[in-house]
Amino acid sequence: MPVHVLGIRHHGPGSSRHVLHVLEELHPDVILVEGPPEGDTLLKWFSHANMKPPVAMLAYATDNPKNAHFYPFTEYSPEWNAIRFAQEKDIPVRFMDLPLHHALAGTGTVTETVTETVTVTVTVTDQEIEGYTIDDKDSEQVKEDPFGYLAKLTGFDDGDLWWEHQVERAETALEVFDGITEVISALREEFPDVQKIDALREAWMRKILKSTEKEGFQNIVVVCGAWHVPALTDSKKFKGDNSLLKGLPKTKIEMTWVPWTYTRMSFHTGYGAGVRSPGWYRYLWQMLDDDGTYWLSKTAAVFRENATDVSSAHIIESVKLSNALAALRNYNKPGLNEHIESTIAVMCMGDDVLMKLIWRDLIVGSVIGEIPEGTPQAPIYRDFEKSVKSLRLKLSETPKSITLDLRKETDLQKSILFHRLKILKIQWAYEAFSRGKGTFKEEWTLQWDPEMVIELIEKAIWGNTIELAANQFLIHLAGNCNSISEISSLIEDAIPTELTTGIETALQRLDDLSASSSDIPALMAAFAPLVRIKRYGNVRNTDLVMISSIVRSVFYRILPGLEYAPNGINEEEALNLTNRIREVHDAVLLLEEEEFSDDWFTTIQKVADSEQSAPMVNGICCKILYDRNQFDEEETASVFGRSLSLANPPSASAAWIEGFLMDGASILLYDDVIRNIISRWLIGLNDQIFQEIIPLLRRTVSTYSPAEKRQLALKLQQIQSGVTEPDDTRWDQKRAQLIIPFYASLLELKKQNDE
Amino acid sequence: MSENILRLPAEKEFEAELNAIKESDSGKKPEGWQMSPSSVLTYLMGGKLKSGFEITPKYIGNKRLMEIAIATLTTDRALLLYGLPGTAKSWVSEHITAAITGDSGLLVQGTAGTSEEAVRYGWNYALLLSEGPSERALVETPVMRAMKHGKIVRVEELTRIGSDVQDSLITILSEKMLPVPELNTQVQATRGFNVIATANNRDKGVNDLSSALKRRFNTVILPVPATIEEEVEIVRQRVTGFLKTSEFTPDKSFTEEIKRVVTIFRELRNGVTIDGKTKLKSPGGTLSTAEAISVMNSGLALSQHFGDGKLQADDLASGIIGTIVKDPVQDKVVFQEYMDTVMKSRDGWKDVYRSCRDLI
């Protein structure tokens, strides 16, 4: 009664190929695959015509979807191919791992932080599973990658490479598995410590293996991670399994399918998924006989798509270099490293910056899986339904408006949900019109579209609840932002979502981008909202220390650049910059920190002093200094006189006035000296120039309130009619005295008078 | 006689090592090579031979880069070593050549004045006038000699050579022959011939390679020292060499000063602080290790001749700013930003911050 245990490397294309060869040869009557037995109900979907890998089986505890486990499959995963093979040939196939209702019950203590929850969710290589242990001390030991150890012994740089060359790239089939068994047995003898969860899993595998034998199957093939092989082949180990498996904790779990992506498969997302280069593996799976020509041609194609010229001669030379490198390193064939190095040396002039493209588009790849209709629902959708229900909202296809009062807890929760969905780009609720600052009201329109279910499930790869997914997705979006304005609008969208880590990542991204940006107005635009958060604690959970440090770094990035920003810009840019300076000025006053305001006024002084600043910017800076009493009357007069001197082009003078007078009419109303200077300047203009600049002045005045305008007109009328000051004699003393008692009562002065 | 020579060529200086490697070499040798590619690698990276002979490392850094360099030479592509000053480009090119052909002397030094006669061939004008064009009147260049004898010719500072002269290498690299139209003949390269060029990739005012020429080279960029400790050590050694001629005795604060200068240079060069938390803009200058050395040297000179003999932040500030701020507007903004976001708040950096602030 032969049992063949095939030790594979999860997602190894070579393993896949060898498994298929062996299955063809052995014609087993049953196949056991490492995986949760609950997944048996999902087996029928493997051969579904609309099932397109990468896809993942998702298992989660019903009461707590955050406690979940993904089993990703790619077209080159050995498990995937073994199961499909079995179904094609009508061979019974079963999963044989520890049932997840035990495994997930054991991990009830998973920490709540987002990243950690995510880390424990993926099963790809054995090392990762072992990271799933209950005991911290245990997991530490397991993190010492056993294959990395083997690689070191045999002179390879890392465990991946060792696998690739020793097993994945070997072309003969059956002996390979014997070899693996031997090597892993030796390795496990060297490191006899077994994690508790591993011991349980292996015991369960043996249990299933035994019961399968009892059922009378004659030719059993087991496909499991190489690390487990010795545990399943050594009969001594079979003792004591029953007592070990007694009394395991239990929890209710559910399983479903979710589409997966190559990006999720790779290390890059921080998911610890174990396959650094899913795109490369797909190439190995599809193109075994290629000497690198196909791969390097694809590389060249990616470069060309991104406007980098690469000729066929480059490809030829890269192939030659890859093979020469492989020969020098005693490999029978060039691997990914050789191709990367030859691409850099031949196609990129030694510079690896462009390799980012290759990593993204080729080595990782942008493949997304698809799952057929009718598969069970994903937990993120369930979480969404739950929130909708608890907030007493309804999914309806006809639009419906609701008004939220954020002071009420449920309304606030609704608002948070809508904002999170907005981050996830699910347009169920959209804000009907933009609200003013500081109001507690929000207007939303809700309109449901069945397609949104798909959009929601698509987001399942980011997390199992709306909160987790929105947070991860926000982190992803922040990473993709490449300009200050993009990231600041993202931050504005993100703040009402209360997604702490996501917002922190976005802020960090803003800091990074501001370091490499020289777009001063954009930086300034980002500054004011940050200050508001810092001052009023807008984000409840965001780390204020971090915001402070970012406020500081953004501020000190603005200052040196601001000195030069107003030089040589056009009118539109000047207007923009002027508005930004006002915003930042207000924000600096709001901060009430002496260090900031001192440095701010020093810089403003420099801009005001500079001859090269755009006149409008110069105007606002002078105004800021004037407001701060930095100028006495005499100096103000001299600044005005200088800026409005007839030697300046009139349009420049008008722009300067606009900058200075933008904030309000009070100066014109109450400062006679300034008003006289302006009057004199206006009168001194000839007709043609006057007509040219009148629209500019009109624009300035148009920002004033009607009351200010009326007062100003009155004042000017008085001046023209020769009345400079109101005359006391025009007062009717008697009538004026009549109102005094009324004012007194208003001010409660009556008593005092009585006394 | 060789005792009087200031600096021996690599193949003489390391003759014993080369001989030992050749003796124990069992690998397959490409035609024209005196040892196998993996032996060349051993010679460069150091190691112990089977015979127990110890080989000193010639290049300290990433082994993979040397593998790419050697593998390139086994194909018939030319090799271009690119990098900042002080990253051992010429050193590597000399040693690879010494290991492969045993003759590192075939060298064309690239300058703005390097003419085509220095690359292809020249004439002995007296003979040319008396006999007309003839083999005898032809003056061979190192390139021509390397072609005839299947050796490797080194071209130093390739990007300093004028573009038209650079391009005369194209025929040599792609057709592997050098036509001599005056004699109606040509020189065919024999097996083993190849070119190793070195060039500086951040130097200003160089002649960029034409794309036709670029296409004939495989490029390996030699990076600046990978860790701050490595770089501080390199600066320390070189500056202590300078000190031997002066009366200054290095103390502990001296190493600290080096560390600060190297930190400033590395952070600005990499555009990120050492702790990786804050991103920075980079100035236009190269900020190489070589420049850090010269900042230290001039700071020491200042302190000895104009200061109290103790190295102070003041002495270094002018050097630091002079090296970083090459463009009075752009670089100044970059450095001011750096001062305010990084230097200002760093523990124990108050003095450098103030000295720089006073100068800028």
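In chain B, I152(B) stands opposite N194(B), a residue of β10(B). The model is predicted. The strands concerned, β7 (residues 152–156) and β10 (residues 194–200) of chain B, pair in the parallel sense over 4 bridges.

**Sheet in chain B**

- β7 and β10 belong to an open sheet of 5 strands in chain B, ordered β4-β7-β10-β3-β11.
- The pairing in this sheet is parallel.
- At the edges lie β4 (107–109) and β11 (217–222) of chain B, each of which pairs on one side only.
- On average, neighbouring strands of the sheet are turned by 20° against each other, direction ignored.
- In general, the strands of a sheet pair through backbone hydrogen bonds, in either a parallel or an antiparallel way.

**Helix on the sheet**

- Helix α8 (residues 142–149) of chain B lies across β4 and β7 of chain B.
- The helix α8 of chain B runs at about 160° to β7(B).

**Contact between chains A and B**

- On the chain A side, 24 residues are in contact with 28 residues of chain B.
- Four helices of chain A, namely α16 (312–328), α17 (336–347), α24 (500–516) and α26 (544–564), each supply at least two residues of the side that touches chain B.
- The most is given by α16(A), with 7 residues of that side.
- By residue class, the side of chain A that touches chain B divides into 12 nonpolar, 4 polar and 8 charged residues.

Definitions and conventions: Residues are numbered from 1 along each chain as its sequence is written. Chains are lettered from A and ligands numbered from 1 in the order in which they are written. This is a predicted model: local features need pLDDT of at least 70, side-chain atom pairs count only at pLDDT 80 or more; totals for chains, interfaces and linings use all residues. Two residues are in contact if their C-beta atoms, placed from the backbone, lie within 7 Å. Ala, Val, Leu, Ile, Met, Phe, Trp, Tyr, Cys and Pro count as nonpolar, Asp, Glu, Lys and Arg as charged, and the others, Gly among them, as polar. Two strands pair if DSSP finds at least two bridges between them. Axes are lines fitted to C-alpha atoms, for helices over the stretch in contact, and angles run from 0 to 180 degrees between N-to-C directions.
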